[in-house]
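Before the points below are read, please have the model open alongside the sequence.

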Amino acid sequence: MSGQWSEGPPEPGGRRRADGGVRTGRPEDGPGRVPAPRPGGRAEARRAAQGRGAPGKGAPGKTVMGKGVQGRAAPGGTGQGGAGQGSAVQDRPVRVGRRPDPDTWPDGPRNTRRHPARDARRGARRIIAWSVAGVLVVLAGAGGAVYYKLNGNIRSFDPDAIATDRPPEPTADAHGNRPVNLLLIGSDSRSGRNSDLGGGNEGGARSDTTILLHVHADHRHAVGVSIPRDALVTIPRCRLPNGKWTREQPGQMFNSAFSVGNAESGNPACTQNTVEKLTGIRVDHTIEVNFQGFAAMTGAVGGVDVCLPNDIHEGNINPGLGRKGRVVLPKGRQRVSGQQALDYVRLRHGIGDDSDIGRMKRQQAFLASLLAKIKSQGLSPGTLLPLADAATRSMTVDPGLDSAAKLVDFALSLRDIDLHDVKFLTTPWRYNGARIDLVHPAVDNLWKTLQADRTLDGQDATGRQEDAPASPSPEAAPPSATPSPTPLTTDGAPIRVAVLNGTTAPGLAARAAETLRAARVTVTGLRTASSTARTTTTVEYGAGQRANAEKVAALFPGSAAAPGTAAGISLVLGRDYAAGAAASAASASAAASGPSGAPAPLPAEVVNEARSGDDDICGNVSYG
C-alpha cells in the first residue's frame with residue numbers, strides 16, 4: 001500500500017497535520033509501520049499529472065483529502081476518515097474554490113445531476129428572448145426607414161399660392177374639437193407613367209375628381225361632396241408658376257382651375273382657392289393623387305370590391321378606338337386594382353347616360369368600398385404606412401400635411417367614424433346645355449349645413465336637433481310640392497322621357513328633369529317646344545306608352561296624359577308648372593336662413609340621393 005493516513009493517536013516521532021491526522025510510514029519508525037511510498041506507481045503518476053507531487057510536497061491548498069466528502073476507500077481502508085468522512089484518497093481530487101463537477105464523481109452525477117430537457121428549454125427561451133429583441137430593433141429601424149422614405153416621396157405646393165382672403169376657421173364645439181375639411185383631387189396628368197395608365201398623351205394636367213370631405217368636430221361623422229367638373233363657377237385670382245397672379249374669371253368650368261398655369265403637375269392651390277370661393281368653407285388640407293398613385297394605392301390594400309350593371313368593353317374606355325373590343329370590366333361584383341380600378345373610376349361611356357354625373361356616383365361607391373377595405377384591415381400604422389408609401393410616390397399635399405407623421409396622424413384621427421356615418425353626395429345641379437349649373441338655394445343650404453357642422457338631416461354631430469318649424473298645412477303647400485317620388489320602371493327598365501318647355505319662363509325643363517331623374521326616369525333631352533303658349537302641362541305618348549305616360553303624369557300634379565304624334569313619351573310644360581315653380585322657389589328662399597339662424601333643411605331629393613359608406617356596392621352606380 002502506498003501512502004496512507006493513520007486513524008490512531010500520534011506515535012513517537014510522528015507529526016500531527018493541521019486536520020488532526022498523523023503522517024506515518026517513515027523508515028525510522030521501525031518495523032510494524034506502514035512503509036514509505038515507493039517511488040513510481042500509478043498514484044504518483046496521477047499526482048504528477050494533476051500538478052502535485054508526492055504527499056506533503058504538492059502546492060498547498062490544491063487538494064482536499066476526505067474531510068466531509070464521502071469517497072471510495074483505498075484498498076485496505078474502511079472508507080471512513082477519523083477527521084472527516086471519506087478520508088480515503090480520491091481517484092479524481094476536487095479543486096478548492098470551485099463547485100464540484102458531478103461529472104467527476106466515479107459513479108456519475110449525484111444530487112447535482114443535469115436535466116437535458118430542462119437545459120434545452122432554458123436554451124430555447126434564451127434564443128427566443130434574443131430573437132424578439134433583435135426583431136424589435138429591426139422593426140424600429142425599418143419603421144424609421146419607412147418614415148424617412150415617405151418624407152422623401154411627399155411633395156407639397158407653395159404656401160404662398162394659397163389665397164389670403166380665405167373663409168374663417170371653423171369654431172370649436174363644446175368639447176374644444178374642431179371640424180376638418182379635406183379637399184381630395186384626382187388628377188389626370190399624362191406625364192411620366194400616367195400616360196400609359198390614362199390612355200393618352202395630352203399635355204398639361206386636369207382634375208378628374210374633386211371631393212370636399214367634411215369631417216365633423218366629433219370625428220364620428222363625415223360628408224363627402226362631389227363637385228361636378230363641368231359646373232360653371234367663378235375662378236378667383238390664382239398664382240402662376242412664374243409667381244404672377246391671374247385675374248378673377250367668372251363662368252368657367254370648375255376643373256379648369258387645376259389647369260391654371262398649364263403646369264404638368266397641375267395647380268392644386270388654385271383648386272383649393274376656387275373651392276373656398278365657391279363654398280365659403282375653409283379648406284384645412286388638400287391632397288392630390290394622380291393616376292400612378294391611385295393605381296398603386298389599390299394594389300397596396302389588395303384590391304377594392306366594385307359592381308357594374310353591364311359589361312364594359314375596350315371601346316367604352318377609349319371611345320376613339322373605333323370598335324367595341326373585348327370586355328374590360330364584366331357585369332356584376334368584382335375586385336379591381338391597378339389599371340382596372342382606374343378604368344372603373346374614370347369610366348363614363350357605355351353605362352347610364354354617359355354623363356359625368358354617373359361617373360361621380362361610381363367614384364363615391366369606390367371610395368366607400370376602399371374605406372371599408374381599409375377599416376376591415378384595421379386603421380393602424382401597419383396598415384396605413386404601406387398605403388401611404390404607395391400614394392406618396394405620386395402625391396402633392398398642402399404644407400400642413402408635408403410629412404409621413406402628419407399624414408398617418410390625420411388618417412388615424414378618422415378611425416372612430418362608422419361606415420354608416422360616412423355620406424357621399426353630389427352638389428345639387430342641373431344641366432345647362434353641355435355644362436352644369438349648381439341649383440340655388442339648395443346648394444347654398446348644403447354649404448351652410450357644413451359650415452354649421454350639421455349632418456345632412458339637420459342634426460349636429462352629437463345628435464341634437466333644432467326645433468323644426470311647424471309643418472305647413474296641405475292647403476298652404478305650393479302647387480309643385482310633391483313627396484319624393486318612387487322609381488318608375490317598366491319590367492325593370494327605366495322609362496325614357498323627353499322634356500319640352502312650352503313657356504317663356506327660363507330653366508323649367510331643367511327643373512322638371514330633376515324630378516324625373518329622382519324617380520329614375522331617363523331624360524333623353526331638354527328643348528323648347530314649338531309653341532311657348534301652353535297653359536297646362538301635358539304628357540304626350542306614342543303607341544303602347546299610355547301606362548308609362550300616366551306614371552310620369554303622376555309626378556306632376558295637375559298634368560294629364562294625352563296621345564301625341566311622336567313615338568315615345570314627351571313632357572310638355574305649361575304655365576301652370578311655371579307658376580308652381582315660382583311659388584316653390586320663393587318659399588325656399590324665405591326659409592333659407594332656417595329657424596334661429598340655422599341652415600334650412602336640405603331638399604329631400606338631396607338627402608335621399610346620398611350614399612352611406614355601408615350601402616350595397618351594386619346600388620346607385622350610374623345615372624340616367
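1. A509 has a relative accessibility of 9% and therefore counts as buried (under 20% relative accessible area, with a 1.4 Å probe and protein chains only). This residue is found in helix 12, residues 508–518, where helices are DSSP runs of H or I with at least four residues, numbered from the N terminus.

2. The model is a predicted one, in which local features need pLDDT of at least 70 and side-chain atom pairs count only at pLDDT 80 or more, whereas totals for chains, interfaces and linings use all residues. Residues are numbered from 1 along each chain as its sequence is written, and side-chain values use heavy atoms, with hydrogens and water left out.

3. Leaving aside neighbours within four places in sequence, A509 is in contact (heavy atoms within 4.5 Å) with V499, N501, L526 and L573. The C-alpha atoms of A509 and Y431, which are 78 residues apart along the chain, are separated by 9.4 Å.

4. Helix 5 (residues 291–300) and helix 9 (residues 381–392) pack with their axes 7 Å apart and at an angle of about 160°, the axes being lines fitted to C-alpha atoms over the stretch in contact and the angles running from 0 to 180 degrees between N-to-C directions. The two helices are therefore roughly antiparallel, a term for angles over 145 degrees. G293, A296, M297 and A300 of helix 5 make the contact with P386, L387, A390 and A391 of helix 9.

5. Within helix 5, the buried residues include F291, F294 and T298. Just after helix 5, G302 takes a positive phi of about 80°.

Methods
Angles under 35 degrees count as roughly parallel, over 145 as roughly antiparallel, 65 to 115 as roughly perpendicular and the rest as oblique. Buried means under 20% relative accessible area, exposed over 50%, partly exposed in between (1.4 Å probe, protein chains only).
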